[in-house]
Amino acid sequence: MFQYNTDFVPQPFGLANYSSICWLNSCIQCLLSLPSLNQYLIANEHKYKEGTFAREYSKFVRSVVVDKNNINNVGPLGMLLVSQATGPHDLINGASCANSAIVAIQDLLNADNIFDVITSSTIICQCRSNSTLREKNNYLRVDFPLNTNDPNVFREILMQQVHRVDYKCNKCGSDKAVRKIDLRRLEKIIVIPFHSKTLMKYSQWFPEFLEFPKPDDGKLTYKLCAIVEHSGGHYWAHINSHNSWYMANDSSCYADMYNCSDTPFILLYNQV
Ligand SMILES: [Zn+2]
């Protein structure tokens with residue numbers, strides 16, 4: 001179901017920026033580059049209530065992916081979607097940040113488990129006392145600089161992160177504990193926000209393909225499909241369409257080399 005298939009990625013296009021919505025435009029341009037999500041939305045369009053953001057967005061995906069409509073006939077998508085985004089997530093008055101926008105859109109689309117990242121988080125004290133919590137998110141959080149340009153090391157860090165935490169052990173009284181986060185399960189899409197203040201200072205390397213071992217000796221491979229970029233208060237996107245890379249900067253959109261930019265804000269991978 002919803003396998004990687006570039007037939008489900010539209011030809012890239014620009015999106016007009018009418019009211020400082022580069023943060024939303026860049027997110028939409030990135031999400032449209034995820035074939036599994038587009039397939040899911042096309043298949044489930046009828047399940048969304050008429051007039052909701054999810055229904056309008058799914059209709060739009062169908063119009064550019066299946067009907068191959070020219071984006072110029074669709075109108076200013078950013079404004080259309082913003083006007084549809086009512087309810088608990090106020091995309092306009094909320095923080096004008098690509099990360100909030102991605103989270104809000106993920107929630108509004110309610111695309112079953114397609115974005116799920118399951119981790120277990122264990123706090124381990126020096127006295128060996130520990131407690132584990134299973135967590136489900138729709139992104140894979142990275143809390144510290146990865147400092148690597150080796151895809152295997154990058155993967156290992158994503159699979160297990162260990163860092164110091166503020167925690168006072170109620171058995172031995174020590175405050176020297178670590179949190180170990182183990183990656184347990186991934187679905188079709190991995191969203192990796194590179195947005196924390198700690199990370200902004202570092203130039204982050206990231207691979208075009210991610211491979212994770214499966215318990216049955218197989219592997220899960222993910223392809224980088226889009227990057228939300230951020231610098232100087234402006235957001236733009238690098239997106240992959242039919243195996244070519246494009247720069248999408250609001251209404252401007254043109255073919256561009258894949259480069260491991262030093263301004264990544266959010267990485268979006270699709271299982272292949
Ligand atoms: Zn302890």
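**Chatting through the helices**

Author: In this predicted model, residues 24 or more positions apart account for 66% of the protein chain's contacts with a separation of 6 or more.

Reader: Thanks! How many helices and strands are there in the protein chain?

Author: The protein chain has seven helices and 11 strands.

Reader: And what share of the residues is buried?

Author: Of the 272 residues in the protein chain, 38% are buried.

Reader: Let's look at α5. How many residues does α5 have, and how far does it reach?

Author: Helix α5 covers residues 98–109, which is 12 residues. From its first C-alpha to its last it reaches 16 Å, close to the 16 Å expected at 1.5 Å a residue.

Reader: Why would you call α5 largely enclosed by the rest of the structure?

Author: Because 10 of its 12 residues are buried.

Reader: Which ones are they, the buried residues of α5?

Author: They are Ala98, Asn99, Ala101, Ile102, Val103, Ala104, Ile105, Gln106, Leu108 and Leu109.

Reader: What happens just after α5?

Author: Asn110 comes there, with a positive phi of about 45°.

Reader: Nice. Now α1 and α5: at roughly what angle do they cross?

Author: Helix α1 (residues 22–31) and α5 cross at roughly 50°, and their axes come within 9 Å. The two helices are therefore oblique to each other.

Reader: Is that crossing of α1 and α5 left-handed or right-handed?

Author: The crossing of α1 and α5 is right-handed. On the α1 side, the contact is made by Trp23, Leu24, Ser26, Cys27 and Leu31, and α5 brings Ala98, Ala101, Ile102 and Ile105.

Reader: What is the contact of α1 with α5 like by class?

Author: It has eight nonpolar residues, one polar and no charged ones. From the α5 side, Ala98, Ala101, Ile102 and Ile105 make this contact, and those residues are also among the buried ones of α5.

Reader: Switching topic: at what angle do α2 and α3 pack?

Author: Helix α2 (residues 35–44) and helix α3 (residues 53–65) pack at about 110°, with their axes 9 Å apart. That makes α2 roughly perpendicular to α3.

Reader: Is α2 passing α3 in a left-handed or right-handed crossing?

Author: It is a left-handed crossing.

Reader: Which residues meet there, between α2 and α3?

Author: From α2 there are Asn38, Leu41, Ile42 and Asn44. They meet Tyr57, Ser58, Val61, Arg62 and Val65 in α3.

Reader: How many of the residues in the contact of α2 with α3 are nonpolar, polar or charged?

Author: Five are nonpolar, three are polar and one is charged.

Technical notes: Residues numbered from 1 in each chain as written. Predicted model: local features only at pLDDT ≥ 70, side-chain atom pairs only at ≥ 80, totals over all residues. Axes fitted to C-alpha atoms, helices over the stretch in contact; angles between N-to-C directions. Helix = DSSP H or I, 4+ residues; strand = E, 2+ residues; numbered from the N terminus. Parallel < 35°, antiparallel > 145°, perpendicular 65-115°, else oblique. Left-handed = near helix turned anticlockwise from the far one by under 90°. Contact = placed C-beta atoms within 7 Å. Nonpolar A, V, L, I, M, F, W, Y, C, P; charged D, E, K, R; others polar. Expected span 1.5 Å × (residues − 1). Buried ≥ 20, exposed ≤ 12 C-beta atoms within 10 Å, placed from the backbone.
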